[in-house]
Amino acid sequence: MGKEQLLVIGGVAAGLAAAMQARRAAPGLRITVLEKTADISYGACGLPYVVSGLIPALERLVLHTPEYFREQHDIDVQPHTEALEILPARSVVRVRANGERREMGFDSLVLATGAAAVCPPLAGHDLAGVFVMRQLRDGRRLLQFIEQVRPRDAVIVGAGYIGLEMAEAFRARGLNTTVVESTDKMMSTLGGALRDRVVDELRGRGVEVVLGERVSAFEGRGEQVARVICESGRAFEAQVVLIGVGVRPAVEIAKDAGLEIGETGAVATDANQRTSAANVFAAGDCSETLHRVSGRRVWMPLAQPAVRQGWVAGANAAGAMPEARFAGVVGTNAVKVFDLEVARTGLSLEEAQAAGFDPSIIEDETASRAGYYPGGAKILTRVVHDKSGRLLGAQMVGREGVAQRIDVYAAALHANLKIEELNQLDLAYAPPFAPTIDPILRATKQRDEG
Ligand SMILES: Cc1cc2nc3c(=O)[nH]c(=O)nc-3n(C[C@H](O)[C@H](O)[C@H](O)COP(=O)(O)OP(=O)(O)OC[C@H]3O[C@@H](n4cnc5c(N)ncnc54)[C@H](O)[C@@H]3O)c2cc1C
(Lines give C-alpha, C1' and ligand atoms only; values in the text may rest on other atoms or scores of the structure.)
Protein backbone atom coordinates (compact mmCIF):
# COMPACT_ATOMS: atom_id res chain seq x y z
CA MET A 1 0.00 0.00 0.00
CA GLY A 2 1.32 3.49 -0.89
CA LYS A 3 1.75 6.33 1.54
CA GLU A 4 -1.35 8.18 2.71
CA GLN A 5 -1.89 11.50 0.89
CA LEU A 6 -2.72 14.81 2.55
CA LEU A 7 -3.84 17.54 0.17
CA VAL A 8 -3.85 21.15 1.30
CA ILE A 9 -5.63 23.84 -0.75
CA GLY A 10 -4.05 27.27 -0.20
CA GLY A 11 -0.34 28.05 0.15
CA VAL A 12 -0.18 30.93 2.62
CA ALA A 13 -0.56 31.17 6.41
CA ALA A 14 -3.10 28.49 7.32
CA GLY A 15 -2.27 26.07 4.51
CA LEU A 16 1.47 25.95 5.11
CA ALA A 17 1.03 25.85 8.90
CA ALA A 18 -1.19 22.80 8.34
CA ALA A 19 1.34 21.15 6.04
CA MET A 20 4.23 21.72 8.45
CA GLN A 21 2.29 20.45 11.47
CA ALA A 22 1.15 17.40 9.53
CA ARG A 23 4.77 16.68 8.68
CA ARG A 24 5.74 16.88 12.38
CA ALA A 25 2.86 14.54 13.29
CA ALA A 26 3.40 12.04 10.46
CA PRO A 27 6.89 11.79 8.99
CA GLY A 28 5.73 9.22 6.42
CA LEU A 29 2.73 11.14 5.04
CA ARG A 30 2.71 12.38 1.44
CA ILE A 31 1.86 16.10 1.62
CA THR A 32 0.92 18.26 -1.35
CA VAL A 33 -0.05 21.93 -1.16
CA LEU A 34 -1.97 23.51 -4.06
CA GLU A 35 -1.77 27.28 -4.57
CA LYS A 36 -3.52 28.93 -7.48
CA THR A 37 -1.32 32.04 -7.66
CA ALA A 38 2.43 32.25 -8.30
CA ASP A 39 3.14 33.20 -4.69
CA ILE A 40 3.39 31.07 -1.58
CA SER A 41 4.50 31.54 2.02
CA TYR A 42 4.42 35.30 2.48
CA GLY A 43 3.27 37.81 5.07
CA ALA A 44 0.39 39.74 3.49
CA CYS A 45 0.30 41.88 6.64
CA GLY A 46 3.51 43.55 5.47
CA LEU A 47 2.09 44.77 2.15
CA PRO A 48 1.31 48.35 3.30
CA TYR A 49 4.89 48.71 4.52
CA VAL A 50 6.29 47.73 1.14
CA VAL A 51 3.98 50.24 -0.54
CA SER A 52 5.16 52.92 1.90
CA GLY A 53 8.79 52.11 1.12
CA LEU A 54 9.65 51.16 4.72
CA ILE A 55 10.31 47.62 3.49
CA PRO A 56 12.38 47.98 0.34
CA ALA A 57 11.09 45.03 -1.71
CA LEU A 58 8.05 42.80 -1.94
CA GLU A 59 10.33 39.74 -1.84
CA ARG A 60 11.19 40.56 1.77
CA LEU A 61 7.68 39.38 2.71
CA VAL A 62 8.34 35.90 1.35
CA LEU A 63 9.34 33.41 4.02
CA HIS A 64 10.08 30.22 2.09
CA THR A 65 10.18 28.84 -1.47
CA PRO A 66 8.73 25.58 -2.82
CA GLU A 67 12.33 24.26 -2.93
CA TYR A 68 12.68 24.88 0.81
CA PHE A 69 9.52 22.89 1.55
CA ARG A 70 10.56 20.06 -0.76
CA GLU A 71 14.18 19.80 0.36
CA GLN A 72 13.81 20.50 4.07
CA HIS A 73 10.41 18.98 4.80
CA ASP A 74 9.48 16.70 1.91
CA ILE A 75 6.37 18.80 1.24
CA ASP A 76 5.37 19.29 -2.39
CA VAL A 77 4.12 22.87 -2.78
CA GLN A 78 2.64 23.52 -6.24
CA PRO A 79 2.08 27.15 -7.24
CA HIS A 80 -0.09 27.94 -10.29
CA THR A 81 -2.32 25.02 -9.32
CA GLU A 82 -5.97 25.75 -8.70
CA ALA A 83 -8.37 23.37 -7.00
CA LEU A 84 -11.52 23.60 -9.13
CA GLU A 85 -13.77 21.08 -7.45
CA ILE A 86 -13.80 18.78 -4.42
CA LEU A 87 -15.57 15.45 -4.65
CA PRO A 88 -15.67 14.36 -0.99
CA ALA A 89 -17.50 11.08 -1.70
CA ARG A 90 -14.68 9.98 -4.02
CA SER A 91 -11.89 11.68 -2.00
CA VAL A 92 -10.77 13.49 -5.13
CA VAL A 93 -9.95 17.10 -6.01
CA ARG A 94 -10.11 18.30 -9.61
CA VAL A 95 -7.29 20.72 -10.30
CA ARG A 96 -6.02 22.91 -13.12
CA ALA A 97 -2.30 23.44 -13.46
CA ASN A 98 -0.56 25.09 -16.42
CA GLY A 99 -3.77 24.95 -18.43
CA GLU A 100 -4.27 21.23 -17.88
CA ARG A 101 -6.93 19.55 -15.77
CA ARG A 102 -6.38 16.46 -13.68
CA GLU A 103 -7.68 14.66 -10.61
CA MET A 104 -5.79 14.20 -7.37
CA GLY A 105 -6.86 11.71 -4.72
CA PHE A 106 -6.57 12.32 -1.00
CA ASP A 107 -6.88 10.48 2.28
CA SER A 108 -7.32 13.78 4.12
CA LEU A 109 -7.83 17.32 2.89
CA VAL A 110 -7.22 20.72 4.49
CA LEU A 111 -9.06 23.67 3.00
CA ALA A 112 -7.10 26.88 3.55
CA THR A 113 -8.48 29.00 0.73
CA GLY A 114 -8.47 32.19 2.80
CA ALA A 115 -10.49 35.26 2.00
CA ALA A 116 -10.94 37.54 -0.99
CA ALA A 117 -11.14 41.32 -0.99
CA VAL A 118 -14.64 42.64 -1.58
CA CYS A 119 -14.82 44.79 -4.70
CA PRO A 120 -18.34 46.21 -5.06
CA PRO A 121 -19.46 46.23 -8.70
CA LEU A 122 -19.64 50.02 -8.88
CA ALA A 123 -19.47 51.73 -12.26
CA GLY A 124 -15.80 52.08 -13.22
CA HIS A 125 -14.43 49.57 -10.70
CA ASP A 126 -12.49 47.93 -13.53
CA LEU A 127 -10.67 51.11 -14.61
CA ALA A 128 -6.89 51.09 -14.46
CA GLY A 129 -5.74 52.50 -11.15
CA VAL A 130 -8.46 50.87 -9.01
CA PHE A 131 -6.96 48.29 -6.65
CA VAL A 132 -7.69 46.00 -3.75
CA MET A 133 -4.98 44.82 -1.35
CA ARG A 134 -5.09 41.18 -0.38
CA GLN A 135 -2.40 39.10 -2.01
CA LEU A 136 1.24 39.58 -2.93
CA ARG A 137 0.22 40.06 -6.56
CA ASP A 138 -2.06 42.96 -5.55
CA GLY A 139 0.95 44.67 -4.00
CA ARG A 140 3.04 43.93 -7.10
CA ARG A 141 0.41 45.44 -9.40
CA LEU A 142 -0.03 48.54 -7.26
CA LEU A 143 3.71 49.18 -7.01
CA GLN A 144 4.14 48.78 -10.78
CA PHE A 145 1.25 51.16 -11.39
CA ILE A 146 2.67 53.79 -9.04
CA GLU A 147 6.07 53.53 -10.76
CA GLN A 148 4.58 53.89 -14.23
CA VAL A 149 1.77 56.39 -13.73
CA ARG A 150 3.19 58.44 -10.84
CA PRO A 151 -0.24 59.35 -9.41
CA ARG A 152 -0.66 62.56 -7.43
CA ASP A 153 -4.01 61.94 -5.71
CA ALA A 154 -5.19 58.78 -3.96
CA VAL A 155 -8.61 57.85 -2.61
CA ILE A 156 -9.11 55.01 -0.19
CA VAL A 157 -12.64 53.66 -0.04
CA GLY A 158 -13.32 52.34 3.47
CA ALA A 159 -11.71 53.15 6.83
CA GLY A 160 -11.01 49.55 7.78
CA TYR A 161 -7.61 48.73 9.19
CA ILE A 162 -6.11 47.94 5.79
CA GLY A 163 -7.48 51.20 4.40
CA LEU A 164 -5.85 53.14 7.24
CA GLU A 165 -2.52 51.33 6.85
CA MET A 166 -2.65 52.11 3.14
CA ALA A 167 -3.46 55.78 3.86
CA GLU A 168 -0.20 55.97 5.79
CA ALA A 169 1.61 54.18 2.94
CA PHE A 170 0.27 56.58 0.31
CA ARG A 171 1.20 59.62 2.42
CA ALA A 172 4.70 58.20 2.84
CA ARG A 173 4.90 58.20 -0.96
CA GLY A 174 3.83 61.84 -1.04
CA LEU A 175 0.34 61.28 -2.46
CA ASN A 176 -2.56 63.56 -1.57
CA THR A 177 -4.71 61.02 0.23
CA THR A 178 -8.42 60.97 1.05
CA VAL A 179 -10.22 58.25 3.02
CA VAL A 180 -13.94 58.02 2.24
CA GLU A 181 -15.98 55.97 4.72
CA SER A 182 -19.73 55.38 4.50
CA THR A 183 -20.35 55.05 8.28
CA ASP A 184 -19.35 57.30 11.17
CA LYS A 185 -16.94 54.67 12.52
CA MET A 186 -13.31 53.81 11.94
CA MET A 187 -12.19 50.19 11.60
CA SER A 188 -15.85 49.15 11.62
CA THR A 189 -16.37 49.35 15.41
CA LEU A 190 -14.43 52.36 16.66
CA GLY A 191 -16.71 55.25 17.59
CA GLY A 192 -16.81 58.24 19.94
CA ALA A 193 -13.63 59.62 21.49
CA LEU A 194 -11.50 56.69 20.27
CA ARG A 195 -12.57 57.31 16.69
CA ASP A 196 -11.88 61.03 17.08
CA ARG A 197 -8.28 60.32 18.12
CA VAL A 198 -7.75 58.26 14.97
CA VAL A 199 -9.37 60.90 12.75
CA ASP A 200 -7.25 63.63 14.38
CA GLU A 201 -4.09 61.60 13.79
CA LEU A 202 -4.95 61.06 10.12
CA ARG A 203 -5.84 64.70 9.54
CA GLY A 204 -2.75 65.84 11.44
CA ARG A 205 -0.68 63.80 9.01
CA GLY A 206 -2.34 65.31 5.96
CA VAL A 207 -4.97 62.66 5.20
CA GLU A 208 -8.41 64.01 4.33
CA VAL A 209 -11.02 61.94 6.19
CA VAL A 210 -14.59 61.99 4.91
CA LEU A 211 -17.11 60.10 7.07
CA GLY A 212 -20.73 59.32 6.17
CA GLU A 213 -20.17 59.45 2.40
CA ARG A 214 -20.90 56.40 0.24
CA VAL A 215 -18.91 56.01 -2.96
CA SER A 216 -21.18 55.26 -5.91
CA ALA A 217 -18.89 55.25 -8.98
CA PHE A 218 -15.45 55.75 -10.42
CA GLU A 219 -15.06 58.03 -13.41
CA GLY A 220 -12.27 57.59 -15.90
CA ARG A 221 -10.21 59.60 -18.30
CA GLY A 222 -9.82 57.03 -21.04
CA GLU A 223 -9.05 53.71 -19.40
CA GLN A 224 -7.59 55.34 -16.32
CA VAL A 225 -9.47 56.31 -13.13
CA ALA A 226 -9.70 60.06 -12.60
CA ARG A 227 -12.46 60.75 -10.07
CA VAL A 228 -14.33 59.04 -7.25
CA ILE A 229 -18.00 59.98 -7.08
CA CYS A 230 -20.15 59.76 -3.93
CA GLU A 231 -23.92 59.25 -3.70
CA SER A 232 -24.23 62.82 -2.39
CA GLY A 233 -22.63 64.10 -5.59
CA ARG A 234 -19.33 64.92 -3.89
CA ALA A 235 -16.34 63.98 -6.02
CA PHE A 236 -12.63 63.50 -5.38
CA GLU A 237 -9.75 63.58 -7.84
CA ALA A 238 -7.84 60.29 -7.86
CA GLN A 239 -5.38 58.68 -10.22
CA VAL A 240 -5.14 55.73 -7.84
CA VAL A 241 -7.93 54.18 -5.75
CA LEU A 242 -7.66 51.53 -3.09
CA ILE A 243 -10.90 49.72 -2.25
CA GLY A 244 -10.72 48.60 1.36
CA VAL A 245 -14.31 47.78 2.18
CA GLY A 246 -13.59 44.37 3.64
CA VAL A 247 -13.06 40.75 2.78
CA ARG A 248 -15.27 37.70 2.36
CA PRO A 249 -14.39 34.07 3.02
CA ALA A 250 -13.31 32.19 -0.14
CA VAL A 251 -15.73 29.27 0.17
CA GLU A 252 -16.97 28.63 -3.37
CA ILE A 253 -15.38 25.20 -3.78
CA ALA A 254 -16.39 24.22 -0.23
CA LYS A 255 -19.99 25.24 -0.94
CA ASP A 256 -20.06 23.40 -4.27
CA ALA A 257 -18.75 20.30 -2.52
CA GLY A 258 -21.73 20.42 -0.14
CA LEU A 259 -19.70 21.30 2.96
CA GLU A 260 -21.71 23.03 5.66
CA ILE A 261 -21.31 26.80 5.58
CA GLY A 262 -21.97 28.59 8.85
CA GLU A 263 -24.15 31.64 9.46
CA THR A 264 -21.09 33.82 9.11
CA GLY A 265 -20.65 32.67 5.50
CA ALA A 266 -17.42 30.82 6.33
CA VAL A 267 -16.90 27.05 6.41
CA ALA A 268 -18.38 25.53 9.58
CA THR A 269 -15.75 23.75 11.67
CA ASP A 270 -15.58 22.18 15.10
CA ALA A 271 -12.80 22.67 17.65
CA ASN A 272 -10.69 20.08 15.80
CA GLN A 273 -11.09 22.12 12.57
CA ARG A 274 -13.21 19.31 11.08
CA THR A 275 -15.78 20.28 8.47
CA SER A 276 -19.06 18.49 7.84
CA ALA A 277 -17.32 16.09 5.39
CA ALA A 278 -15.28 13.11 6.61
CA ASN A 279 -11.51 13.65 6.50
CA VAL A 280 -11.93 17.24 5.31
CA PHE A 281 -10.61 20.01 7.58
CA ALA A 282 -10.65 23.79 7.18
CA ALA A 283 -8.47 26.50 8.73
CA GLY A 284 -7.74 30.19 8.49
CA ASP A 285 -9.73 32.94 6.83
CA CYS A 286 -12.04 30.51 4.98
CA SER A 287 -13.36 29.03 8.23
CA GLU A 288 -15.36 30.21 11.20
CA THR A 289 -14.46 29.74 14.82
CA LEU A 290 -15.68 30.07 18.39
CA HIS A 291 -15.72 33.51 20.04
CA ARG A 292 -14.95 32.77 23.67
CA VAL A 293 -16.75 35.87 24.97
CA SER A 294 -20.02 35.71 23.04
CA GLY A 295 -19.99 31.91 22.79
CA ARG A 296 -20.99 32.29 19.15
CA ARG A 297 -19.43 31.07 15.95
CA VAL A 298 -17.69 34.03 14.33
CA TRP A 299 -15.56 34.80 11.33
CA MET A 300 -12.30 36.39 12.42
CA PRO A 301 -10.01 36.69 9.41
CA LEU A 302 -6.67 37.37 11.11
CA ALA A 303 -3.22 35.90 10.75
CA GLN A 304 -2.57 34.49 14.21
CA PRO A 305 -5.76 32.41 14.42
CA ALA A 306 -5.15 31.33 10.81
CA VAL A 307 -1.74 29.84 11.65
CA ARG A 308 -2.94 28.21 14.85
CA GLN A 309 -6.03 26.75 13.20
CA GLY A 310 -3.69 25.49 10.47
CA TRP A 311 -1.58 23.69 13.07
CA VAL A 312 -4.70 22.04 14.51
CA ALA A 313 -6.09 21.05 11.09
CA GLY A 314 -2.71 19.71 9.96
CA ALA A 315 -2.17 17.66 13.11
CA ASN A 316 -5.64 16.13 12.95
CA ALA A 317 -5.50 15.54 9.20
CA ALA A 318 -2.31 13.57 9.87
CA GLY A 319 -4.08 11.50 12.54
CA ALA A 320 -2.41 13.01 15.62
CA MET A 321 -3.46 11.49 18.95
CA PRO A 322 -4.72 12.98 21.19
CA GLU A 323 -6.53 15.20 18.72
CA ALA A 324 -5.44 18.83 18.56
CA ARG A 325 -8.02 21.49 19.49
CA PHE A 326 -8.34 25.18 18.71
CA ALA A 327 -9.46 27.07 21.80
CA GLY A 328 -11.26 29.86 19.94
CA VAL A 329 -10.60 33.58 19.74
CA VAL A 330 -11.42 36.64 21.79
CA GLY A 331 -11.05 39.02 18.83
CA THR A 332 -7.73 40.76 19.44
CA ASN A 333 -6.30 43.14 16.89
CA ALA A 334 -3.81 46.01 16.83
CA VAL A 335 -3.11 48.57 14.13
CA LYS A 336 -0.58 51.34 13.68
CA VAL A 337 -2.07 54.54 12.25
CA PHE A 338 0.93 56.84 11.75
CA ASP A 339 2.16 57.40 15.33
CA LEU A 340 -0.97 56.03 16.95
CA GLU A 341 -1.46 52.50 18.25
CA VAL A 342 -5.07 51.35 18.04
CA ALA A 343 -6.02 48.03 19.60
CA ARG A 344 -9.06 46.07 20.60
CA THR A 345 -10.05 42.75 22.10
CA GLY A 346 -13.35 41.12 22.98
CA LEU A 347 -16.63 42.84 22.20
CA SER A 348 -17.33 46.51 21.56
CA LEU A 349 -20.38 48.01 23.26
CA GLU A 350 -22.53 47.46 20.17
CA GLU A 351 -21.24 43.92 19.66
CA ALA A 352 -21.93 43.09 23.31
CA GLN A 353 -25.50 44.39 22.95
CA ALA A 354 -25.98 42.38 19.76
CA ALA A 355 -24.68 39.28 21.56
CA GLY A 356 -27.42 39.64 24.18
CA PHE A 357 -25.45 41.25 27.03
CA ASP A 358 -26.56 44.30 28.97
CA PRO A 359 -23.21 46.06 28.81
CA SER A 360 -21.76 49.22 30.38
CA ILE A 361 -18.54 51.02 29.62
CA ILE A 362 -15.74 52.61 31.59
CA GLU A 363 -13.70 55.22 29.77
CA ASP A 364 -10.41 56.35 31.22
CA GLU A 365 -7.44 58.35 30.04
CA THR A 366 -4.07 58.19 31.69
CA ALA A 367 -0.35 58.37 31.01
CA SER A 368 1.72 55.55 29.53
CA ARG A 369 4.70 56.28 31.86
CA ALA A 370 5.29 57.87 35.26
CA GLY A 371 4.30 61.56 35.07
CA TYR A 372 7.84 62.77 35.83
CA TYR A 373 9.48 60.48 33.27
CA PRO A 374 10.01 62.09 29.85
CA GLY A 375 8.44 60.88 26.64
CA GLY A 376 5.16 59.45 27.88
CA ALA A 377 1.83 59.77 26.09
CA LYS A 378 -1.85 59.53 26.98
CA ILE A 379 -3.66 56.22 26.59
CA LEU A 380 -7.42 56.34 26.13
CA THR A 381 -9.12 53.11 27.23
CA ARG A 382 -12.68 51.92 26.94
CA VAL A 383 -13.59 48.82 28.91
CA VAL A 384 -16.84 46.98 28.21
CA HIS A 385 -18.37 44.88 30.98
CA ASP A 386 -21.72 43.55 32.10
CA LYS A 387 -23.63 44.29 35.29
CA SER A 388 -22.10 41.33 37.09
CA GLY A 389 -18.63 42.73 36.47
CA ARG A 390 -17.74 40.27 33.74
CA LEU A 391 -15.17 41.73 31.38
CA LEU A 392 -16.50 41.72 27.79
CA GLY A 393 -13.96 43.74 25.86
CA ALA A 394 -11.53 46.63 25.70
CA GLN A 395 -10.37 49.17 23.16
CA MET A 396 -7.32 51.39 23.52
CA VAL A 397 -5.76 54.24 21.57
CA GLY A 398 -2.48 56.00 22.30
CA ARG A 399 0.98 56.81 21.02
CA GLU A 400 2.74 54.09 22.97
CA GLY A 401 2.09 51.15 25.25
CA VAL A 402 -1.23 50.16 23.67
CA ALA A 403 -0.61 47.19 21.39
CA GLN A 404 1.02 45.06 24.10
CA ARG A 405 -1.26 46.24 26.91
CA ILE A 406 -4.33 45.03 25.03
CA ASP A 407 -2.87 41.54 25.42
CA VAL A 408 -3.49 41.72 29.17
CA TYR A 409 -7.18 42.33 28.47
CA ALA A 410 -7.08 39.51 25.90
CA ALA A 411 -5.58 37.12 28.45
CA ALA A 412 -8.20 38.19 31.01
CA LEU A 413 -10.97 37.53 28.48
CA HIS A 414 -9.48 34.18 27.57
CA ALA A 415 -9.49 33.21 31.25
CA ASN A 416 -12.99 34.71 31.70
CA LEU A 417 -11.80 37.03 34.49
CA LYS A 418 -14.10 39.52 36.15
CA ILE A 419 -13.06 43.16 36.19
CA GLU A 420 -12.26 42.87 39.91
CA GLU A 421 -9.96 39.93 39.26
CA LEU A 422 -8.23 41.74 36.43
CA ASN A 423 -7.74 44.64 38.82
CA GLN A 424 -5.85 42.36 41.22
CA LEU A 425 -3.15 41.44 38.68
CA ASP A 426 0.45 42.13 39.59
CA LEU A 427 1.57 44.07 36.50
CA ALA A 428 5.04 45.39 35.76
CA TYR A 429 5.96 48.90 36.85
CA ALA A 430 9.01 51.09 36.31
CA PRO A 431 8.83 54.81 35.42
CA PRO A 432 9.89 54.38 31.74
CA PHE A 433 7.15 51.78 31.11
CA ALA A 434 4.10 52.68 33.20
CA PRO A 435 2.74 54.89 35.93
CA THR A 436 2.73 53.24 39.39
CA ILE A 437 -0.84 52.20 38.76
CA ASP A 438 -0.89 50.90 35.20
CA PRO A 439 -3.59 52.24 32.82
CA ILE A 440 -5.17 48.77 32.96
CA LEU A 441 -5.39 48.81 36.75
CA ARG A 442 -6.63 52.40 36.77
CA ALA A 443 -9.43 51.75 34.31
CA THR A 444 -10.58 48.55 35.99
CA LYS A 445 -10.43 50.14 39.46
CA GLN A 446 -13.14 52.54 38.38
CA ARG A 447 -15.75 49.81 38.47
CA ASP A 448 -14.82 48.94 42.07
CA GLU A 449 -15.51 52.53 42.91
CA GLY A 450 -18.83 52.44 41.06
C1 LIG B 1 -2.75 44.30 3.76
C2 LIG B 1 -3.06 43.29 4.81
C3 LIG B 1 -2.69 43.51 6.12
C4 LIG B 1 -2.98 42.58 7.10
N5 LIG B 1 -2.60 42.84 8.38
C6 LIG B 1 -2.86 41.95 9.35
C7 LIG B 1 -2.45 42.17 10.68
O8 LIG B 1 -1.80 43.19 10.98
N9 LIG B 1 -2.78 41.25 11.63
C10 LIG B 1 -3.47 40.12 11.32
O11 LIG B 1 -3.73 39.29 12.21
N12 LIG B 1 -3.87 39.86 10.05
C13 LIG B 1 -3.58 40.75 9.07
N14 LIG B 1 -3.98 40.48 7.78
C15 LIG B 1 -4.78 39.28 7.49
C16 LIG B 1 -3.91 38.05 7.26
O17 LIG B 1 -3.05 38.31 6.19
C18 LIG B 1 -4.81 36.87 6.98
O19 LIG B 1 -5.59 36.63 8.10
C20 LIG B 1 -4.02 35.61 6.62
O21 LIG B 1 -3.30 35.80 5.45
C22 LIG B 1 -4.98 34.44 6.44
O23 LIG B 1 -4.27 33.34 5.98
P24 LIG B 1 -5.01 32.18 5.17
O25 LIG B 1 -3.93 31.19 4.83
O26 LIG B 1 -6.20 31.72 5.89
O27 LIG B 1 -5.58 32.87 3.85
P28 LIG B 1 -4.90 33.64 2.66
O29 LIG B 1 -3.72 34.41 3.10
O30 LIG B 1 -6.01 34.36 1.98
O31 LIG B 1 -4.37 32.48 1.71
C32 LIG B 1 -5.25 31.64 1.02
C33 LIG B 1 -4.56 31.16 -0.24
O34 LIG B 1 -5.38 30.17 -0.85
C35 LIG B 1 -5.29 30.31 -2.25
N36 LIG B 1 -6.47 29.69 -2.86
C37 LIG B 1 -7.75 30.08 -2.73
N38 LIG B 1 -8.56 29.26 -3.42
C39 LIG B 1 -7.77 28.34 -4.01
C40 LIG B 1 -8.01 27.25 -4.86
N41 LIG B 1 -9.24 26.92 -5.25
N42 LIG B 1 -6.96 26.50 -5.30
C43 LIG B 1 -5.69 26.81 -4.90
N44 LIG B 1 -5.40 27.85 -4.09
C45 LIG B 1 -6.42 28.60 -3.66
C46 LIG B 1 -5.26 31.81 -2.45
O47 LIG B 1 -4.70 32.15 -3.72
C48 LIG B 1 -4.38 32.25 -1.28
O49 LIG B 1 -3.02 32.34 -1.67
C50 LIG B 1 -3.67 41.39 6.76
C51 LIG B 1 -4.05 41.16 5.43
C52 LIG B 1 -3.74 42.07 4.47
C53 LIG B 1 -4.14 41.80 3.05
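Which of the 34 residues around the ligand come nearest? In this predicted model, the residues of that shell that come nearest are Gly-10, Cys-45, Gly-114, Gly-284 and Leu-302. Several elements each supply at least two residues of the shell around the ligand, namely α1 (13-25), α2 (47-52), β4 (81-87) and α8 (303-317). When the residues of the shell are sorted by class, 20 are nonpolar, nine are polar and five are charged.

The domain assignment divides the chain into domain 1 (5-115 + 248-317), domain 2 (119-245) and domain 3 (333-448). Because domain 1 and domain 2 both give residues to the shell around the ligand, the shell lies between these two domains.

Domain 1 is also in contact with domain 3, and to this contact domain 1 gives five residues while domain 3 gives eight residues. On the side of domain 1 that touches domain 3, two residues are nonpolar, one is polar and two are charged. Between the C-alpha centres of domain 1 and domain 3 there is a separation of 34 Å.

Within the range assigned to domain 3 (333-448), strand β22 (residues 340-346) pairs with two other strands. With strand β21 (residues 333-337), β22 forms an antiparallel pairing over five bridges, in which Asn-333 stands opposite Arg-344 of β22. The hairpin made by β21 and β22 has two residues between the strands, and in this hairpin Phe-338 takes a positive phi near 50°. With strand β25 (residues 391-398), β22 again pairs in the antiparallel sense, here over six bridges, and Gly-346 stands opposite Gly-393 in β25. Strand β22 is mostly covered, since seven of its seven residues are buried.

A further residue of interest is Phe-357, which is found in the loop between α9 (349-354) and β23 (360-367). When its neighbours within four places in sequence are left aside, Phe-357 is in contact with Ala-352, Asp-386 and Leu-392. By comparison, Phe-357 and Gln-239 are 118 residues apart in sequence, and from C-alpha to C-alpha they are 46 Å apart in space.

Notes
Residues are numbered from 1 along each chain as its sequence is written. This is a predicted model: local features need pLDDT of at least 70, side-chain atom pairs count only at pLDDT 80 or more; totals for chains, interfaces and linings use all residues. A residue is buried if 20 or more other C-beta atoms lie within 10 Å of its own, exposed if 12 or fewer, and partly exposed in between; C-beta atoms are placed from the backbone. Helices (H or I, at least four residues) and strands (E, at least two) are DSSP runs, numbered from the N terminus. Two strands pair if DSSP finds at least two bridges between them. A residue is near a molecule or strand if its C-beta atom, placed from the backbone, lies within 6 Å of it. Ala, Val, Leu, Ile, Met, Phe, Trp, Tyr, Cys and Pro count as nonpolar, Asp, Glu, Lys and Arg as charged, and the others, Gly among them, as polar. Domain bounds come from an automatic or database domain assignment. Two residues are in contact if their C-beta atoms, placed from the backbone, lie within 7 Å.
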